[in-house]
Amino acid sequence: MTSRAVLVTGASRGLGRAVAKRFAAGGDRVAVHHRDTAALAAQLVEELPGDGHVVVRADMADPPAVRAMVDAAADGLGGLDVLVNNAGIYGSPPAVPVLEAGYEQWREMWRHTFDVNLFGAANACWAAVQHMRAGGGRIINVSSRGAFRGEPEQPAYGASKAAMNAMAQSLAVALAPLGIAVASVAPGFIETDMTNEHLKAERGAAIRAQSPYNRVAQPDEVAAAVHWLATPEAEWATGAIIDMNGASYLRT
Ligand code: NAD
């Protein structure tokens with residue numbers, strides 16, 4: 001396969017970092033996006049195999065910055081073939097349960113979560129399509145098991161991921177005539193900085209026990225599915241949402 005130009009959002013750590021490594025290991029050029037972790041992003045670019053990788057920066061909640069960041073990635077890589085919408089927040093600003101939240105807190109939690117998880121990804125899609133419309137491409141969204149299982153403690157998070165799935169399905173149909181396939185992965189718990197505190201806490205054992213494997217995912221297991229969705233043979237998976245949750249939640 002020839003080297004492709006791949007933008008991974010939120011790539012300086014966690015799942016995004018594993019995804020960036022997968023693509024680079026396969027010979028692709030990667031734009032490593034971050035918001036405020038320039039040193040980590042630069043270090044990753046140094047470590048990635050191959051040449052031509054770049055660092056790009058934007059707050060995903062800032063629409064003009066997202067557009068400029070996608071354009072910078074396409075400039076730096078010499079085009080854009082794959083967008084991985086991985087950046088996301090879970091409970092930031094601190095999520096407050098519905099029965100305890102004040103009205104202002106409640107609204108702020110929903111607004112900020114959607115600004116990053118849904119509107120940031122939607123804006124990145126729009127900007128990426130401007131670069132893909134001539135030659136086709138792939139968009140892969142990192143959703144969550146919470147879209148289906150519910151997130152009683154983080155309702156805005158679950159809803160943002162469900163909306164992300166619906167967006168990917170709509171775009172899969174709208175963009176097929178341009179040769180742009182759009183698909184999603186919906187992971188259960190992954191061992192990353194996002195979940196470290198939850199996994200270390202007393203409830204960590206209960207979280208691991210949600211899967212019959214009695215463990216959570218490693219980032220690379222989920223990154224493998226993201227990488228596969230960007231292969232030529234995965235075009236027919238457009239519109240799909242792949243569950244990556246170790247049978248911890250089975251939907252029909
Ligand atoms: P993480 O917190 O380690 O990484 C998230 C990345 O998104 C970070 O690099 C962070 O800087 C970036 N980000 C957050 N807000 C941003 C903003 N406003 N602008 C720019 N970048 C921003 O978490 P992770 O576990 O690697 O999560 C990656 C993706 O996987 C997320 O979309 C998350 O919702 C999803 N996910 C994670 C789990 C899990 O258990 N870890 C489970 C299901 C889905």
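Modeller: Quick term first: helices and strands here are DSSP runs, with helices of at least four residues and strands of at least two, numbered from the N terminus. Keep in mind that this is a predicted model.

Colleague: Fine. How many helices and strands does the protein chain have?

Modeller: The protein chain has nine helices and seven strands.

Colleague: And the overall build? What does the C-alpha trace span?

Modeller: About 50 × 40 × 40 Å along the principal axes of the protein chain. The radius of gyration is 17 Å. That agrees with a compact globule, because 252 residues packed that way would give a value near 18 Å.

Colleague: Switching to the ligand. Which residues are closest?

Modeller: Arg13, Asn86, Tyr157, Ile190 and Thr192. They belong to a set of 28 residues that surround the ligand.

Colleague: What does the side chain of Arg13 do there?

Modeller: One of its N or O atoms is 2.6 Å from an oxygen atom of the ligand.

Colleague: Which backbone atoms come in?

Modeller: For Asn86, a polar backbone atom is 2.7 Å from a ligand oxygen. For Leu15, a backbone N or O atom lies 2.8 Å from a ligand oxygen.

Colleague: How much of the ligand does the protein cover?

Modeller: 96% of the 820 Å² of accessible area that the ligand has on its own.

Colleague: Which pocket is that?

Modeller: The ligand takes the space of the largest pocket. Helices α1 (14–25) and α6 (155–175) are the elements giving two or more residues to the shell.

Colleague: How does the shell divide by residue type?

Modeller: Into 12 nonpolar, 11 polar and five charged residues.

Notes:
Residues are numbered from 1 along each chain as its sequence is written. This is a predicted model: local features need pLDDT of at least 70, side-chain atom pairs count only at pLDDT 80 or more; totals for chains, interfaces and linings use all residues. Side-chain values use heavy atoms; hydrogens and water are left out. A residue is near a molecule or strand if one of its heavy atoms lies within 4 Å of it. A polar contact is a pair of N or O atoms within 3.5 Å; within protein, one must be able to donate a hydrogen and the other to accept it, and residues adjacent in sequence count only if both atoms are side-chain atoms. Accessible areas come from the Shrake-Rupley method with a 1.4 Å probe; for residues, only the protein chains shown count as cover. On a 1 Å grid over the protein atoms alone, a cavity is a set of points where a 1.4 Å probe fits but cannot get out, and a pocket is an open set with protein on both sides within 12 Å along at least five of seven lines; lining residues have an atom within 4 Å of a point. A molecule sits in a cavity or pocket if more than half of its atoms lie within 2 Å of its grid points. Ala, Val, Leu, Ile, Met, Phe, Trp, Tyr, Cys and Pro count as nonpolar, Asp, Glu, Lys and Arg as charged, and the others, Gly among them, as polar. The radius of gyration is taken over C-alpha atoms; the globule rule is 2.2 Å times the number of residues to the power 0.38.
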